[in-house]
Amino acid sequence: MTPSPIILFVYNRPKHTLQTLGALHRNALADQSALYIYADGARENANEKEHSNIKKVREIIRQKKWCKTVQIIENETNKGLSKSILQGVTEITERYGRTIVLEDDIVTSPGFLTYMNDALNFYEEKEQVMHIAGYFYPVKTELPTTFFYENTSCWGWATWHRAWQHINTDATDLLRRIEQKNAAQHFNINGAYDFTTQLKDNISGKLDTWAIFWYTSVYLRGGLCLHPHQSLVQNIGFDGTGEHCSFNTVYQVPELARGVSVEPIPLKISQTARTAMMDFYNRAANPPLHQRIYRKFVTSVLRPLFDVLR
């Protein structure tokens, strides 16, 4: 069976983009896969440095044949990440029925594409399964090789047109439906992480994001998201350079899985995974003192210095 098409969204981070593409190129199925790269354009108020970085990114994506085929879709104006992803995933899933999605700060292990394609094939006819995740958080609980959890975890992921067609991008309607079901506490992983605030911030205009729409849409349909216990991806974007990501090490996984087997498991949410994530979010919200000091030092001293020098 032909491997699923891959989408990569890039903008103005050349170093991250190069690492992401380099890791993807080393994947076992890269030489059999079609890659679609959506390159966003400069913002109206972009400075010379941003224009330079956008140019560098566009040179990198043309640097070599990263996959079997590479098609580049360049925007001359800036759509923003949210609109780019919503449009790109819709276009590719409508054309091919499925897709694997990456952003420019997601470094994959060599077995990422194999796992994704195996899972897409295995669960294609299972309507309740709506999302395949390549990342899972560095929890302390022992979990099965793969399991189902309701959160969509969009750092290296995949879906089908049959599932993506149900995405609702009306934050007001999504929040109303969560409240009508009296589900806010459960939706917020028993209060461990305030996802409802992300909906509210999109309503007010404080945020312009997309992943909360997908998670809420899947949640309201009772959808299942397949996760690997050992992550196949590392998010390298928490260095202060991302659109919505400040410096943070809490999401770093100690070691990536070389590969993950997809085997039959019960089609139900893992309560053990929910409990593990409650513990993770509570630890993330209250890191040890030495981690808080280091984070503040990097954010207030090293990052501004780096921005001046680069």
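Before we start, a quick definition: helix axes here are lines fitted to C-alpha atoms over the stretch in contact, and angles run from 0 to 180 degrees between N-to-C directions. Bear in mind that this is a predicted model.

**Exercise 1.** Work out how α6 and α8 cross, and which residues make the contact.

*Solution.* 
- Step 1: Take helix α6 (residues 171–180) and helix α8 (residues 195–204); their axes come within 9 Å and cross at roughly 145°.
- Step 2: Check the hand. The crossing of α6 past α8 is left-handed.
- Step 3: Look for heavy atoms within 4.5 Å. On α6 you'll find A171, T172, L174 and L175, and on α8 T196, L199, K200, N202 and I203.
- Step 4: Sort the contact of α6 with α8 by class: 5 residues are nonpolar, 3 polar and 1 charged.

**Exercise 2.** Trace the order of the open sheet and say why one side of β3 and of β7 lacks a neighbour.

*Solution.* 
- Step 1: Walk across the 8 strands: β3-β2-β1-β4-β8-β6-β9-β7, with mixed pairing.
- Step 2: Look at the edges. β3 (69–74) and β7 (146–149) each have a single partner strand, so one side of each has no neighbour in the sheet.

How values were computed:
Residues are numbered from 1 along each chain as its sequence is written. This is a predicted model: local features need pLDDT of at least 70, side-chain atom pairs count only at pLDDT 80 or more; totals for chains, interfaces and linings use all residues. Side-chain values use heavy atoms; hydrogens and water are left out. Helices (H or I, at least four residues) and strands (E, at least two) are DSSP runs, numbered from the N terminus. A crossing is left-handed if the near helix is turned anticlockwise from the far one by less than a right angle, and right-handed if clockwise. Ala, Val, Leu, Ile, Met, Phe, Trp, Tyr, Cys and Pro count as nonpolar, Asp, Glu, Lys and Arg as charged, and the others, Gly among them, as polar. Two strands pair if DSSP finds at least two bridges between them.
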